Amino acid sequence: MIWQQVINGISIGGVYALIAVGYSLVYSVLNFSNFAHGEVLMVGAYMGFYALSALHLPFFIAVGLAVVVGGLMAVALEKVGYRPLRLRHAPTLYFMISAMGLSIFLQNFTIVTIGPNFRTYPDIFPTHPIMFGALAVGYLDLVIFVITAISLGLMTWFICGTRLGSAIQAAAYNMRVAGLMGINPELVVSIVFFLAGASAGVGGVMFGMKYTVYPWMGNLTIKAFIAAVVGGLGSLPGAVVGAFVLGITETFAAAFVSSAFRDLFSFALMILIIVIRPGGLMGVVATEKA
Amino acid sequence: MGLLRIRNMTKNFGGVKAVDSFNCNVQEGRTQAIIGPNGAGKTTIFNLITGIYKPSEGEIEFDGKTITGHAPHQIARQGIARTFQNIRLFPDFSVLENIQAADHLRSSYSLFHGFLPTPLRRRQEQASRAHALELLHLVGLEQRFGERARNLPYGHQRRLEIARALALEPKILLLDEPAAGMNPEETQGLMVLIQQIKDQFHLTILLIEHHMELVMGLCDFITVIDFGKEIAEGTPEQIQANPQVIQAYLGVEE
Amino acid sequence: MFVYLQGIITLICINLLAVLGLSLLTGFTGSFNFGQAGFLAIGAYVAALCTMKLHAPFVVSLLAGMLASGLVSIPLGYPTLKLKGDYFAIATLGFAEAIRLLVENLEKVTGGSRGIPSIPPLTTLTILLPVTLACIWLVRNYVSSRHGRSCVAVREDEIAAQAIAVDVFKYKQVSFFVNGLLAGLAGGFLAHYVGFIQPSMFGMAKSTELIVMVIFGGMHSVTGAVVAAIILTGLPEILRAAAAWRLVMYGIAVVFIMVVRPEGLMGSWELTFASLRSLCLSCKAFARRLYGRCFHGIA
């Protein structure tokens, strides 16, 4: 029984990790919280849903589609809603408001056009569990875990192992100086958003497969933020750690206390971390240069 | 007896020692400068004094009281005012409002008066407005009192920032590169202004500067730092002759 | 017709109270509050319960709702206002969700998702209108006082504000508390006007509506908030057919405003005698020029 909850926790933690990493990436480079991030997840989920149920595409093509669409959409959102503000050096507050606007638009556009009904993914994978010794792991959960691990691995490789990734890290540290060093800030921003959108797209498909698809899925952004805070806002490994911690503890709270209070628990966890250790588990301290 | 005394102040950022066992005494009534190459830690020292950063080690004493670890607004209230390297005015406020925002001595009415138009409030607002106009007159900006601060030319913005700092009626004024970006004429004007306000308000001045004419022309005492440590201290003549200073700034001649 | 108009004005006033608080907190002090609906909910439920279970007089219920909402802001604000704005924004978002969840699940007290029905319709314009006008007056005074200046300083540049001895944390707390009071009051009035309350009334859509009003009208102007509340409450009532698309339009409008004119409709313009006079003068000057040009053109 406990084991099943751990599996569930890791499963949802993986989805959270995919969203949180994208969120943290944008935060560390551009220093603002992209509240519209969740909507990319939603689009990815719907994309995957249609690819699988209407177009009957093979699974990996569907995931690939969600990745590409998610990435492109994130870049498009950036150009429309954030770039003009960036060029004007607008205060962070304006970015948050613009993000909110994008989020509202996308959520409600989906409600009005596609409809507010919940959709479920078709059953692609066998529903019987796989046995590891005496422990049963759902086939679906295993798939989710593997895909999450691969996605995070690819992202890590890209950011730590390639030149472009180093450019992003430099920009995350100091955008202006990186620009002076010959790094094209527009390109960096576009790539960052593409990566964030791509991982959100995958996350959306994973979430849709395990649970359901609905227009206000984007509210998972809150979970992404909480995960990032728990791990340490601005730290990418922190986002992953925080996501799994959140996923597991939240699942346990839901199972052994009350499922209705799952979200309440996550919120309380965030407040707790903020009070006890604002830098998160990885201890990130963000100071503003005076 | 120093007005501002800094003892063995160290500041670590992760693995970097930005300020290393820094010691400094600022005597009351002096005009003192902290100079050093870029990245030496000068602005960090200002930020430590004004409470934006907390020192990792060491102590800061102002007017006989310890201010180490106090909140920035409390330190400002004690009588330490500052300007910033990258001018931090309130862009949306008018020139006048920028100054009034800092005047807590003339307008100090409580929240209660904030919600209701009482006579006390009206009187204090008038006093603060008059005081602000006085300060603007001092820096030559009183004609532009209604303009948005962000529309002022650069040199005027710097003057406004100084006037705003003066509104606090401080005992010591910390100026962070006040002459940055100024041509020789403007720098001269600034030097005259600094001397003027020092005399008029009996201020102690501590400044960070790269313009050597200003430093040598205005200051009684200079502290030189490099890599977060002080490497020399003394009068302008002593500093100009100091070989370590020359080495730090200009490199050693082969 | 008259009753219909009364209804719209009532709704406008209720929204206005909530928007006033938001204008102060988000507009003037710069702390982005995503979850205003949560405070409305607290005010509404506490006031309704006081009237129905404790049989308290209307004024007492309203005060109880106000205070409950205001007091909640204290523990919520304490850890979150010390940190960057992002934390506060998410905390308020989470808070609104948490309140909705709590309300839905404490069925014995709050009636769960069915809510509290049959609340006596005690909200009348004779009480609401003067209270609303008084609140507008009080907030206007606050904003034009030295405290208002300190709030704006906090918004514009926290570090500079601290350097001029402004206690940034305190001012954020005060704005948050006042916002709580006003939203709680709005909630109390709302409960006793609509006659029933349900958690679904206090969701993201409501928070969004209110924030959009502040953005639309101009975050730096109380007059703007008032005008926006009037327009954006009245308009949907008239255009009721397009309800579903309303939020879609809001989303586009918000992004558009941020990109094109973040100051909103009014910018920092406030309705005062001085500003009215200067508006009249510039209108006269414009008219005179137009008149001159017409006649010169003809002659």
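How many residues of chain A are in contact with how many residues of chain C? The views below come from a predicted model, in which local features need pLDDT of at least 70 and side-chain atom pairs count only at pLDDT 80 or more, while totals for chains, interfaces and linings use all residues. Residues are numbered from 1 along each chain as its sequence is written, and chains are lettered from A in the order in which they are written.

**View 1. The contact between chains A and C.** Here 34 residues of chain A are in contact with 32 residues of chain C, two residues being in contact if their C-beta atoms, placed from the backbone, lie within 7 Å. On the side of chain A that touches chain C, α3 (59–87), α4 (92–113), α9 (220–231) and α11 (262–276) of chain A each supply at least two residues, and α4(A) gives the most, with 14 residues. Helices are DSSP runs (H or I, at least four residues), numbered from the N terminus.

**View 2. Helix α10 of chain C.** This helix (residues 204–217) has 14 residues and reaches 20 Å from its first C-alpha to its last, close to the 20 Å expected at 1.5 Å a residue, where the expected span is 1.5 Å times one less than the number of residues. Because 13 of its 14 residues are buried, α10(C) is largely enclosed by the rest of the structure; a residue is buried if 20 or more other C-beta atoms lie within 10 Å of its own. C:Gly218, with a positive phi near 115°, follows α10(C).

**View 3. The two domains of chain B.** The domain assignment, automatic or from a database, gives domain 1 (1–79 + 170–254) and domain 2 (90–169) of chain B.

Terms used: A residue is buried if 20 or more other C-beta atoms lie within 10 Å of its own, exposed if 12 or fewer, and partly exposed in between; C-beta atoms are placed from the backbone.
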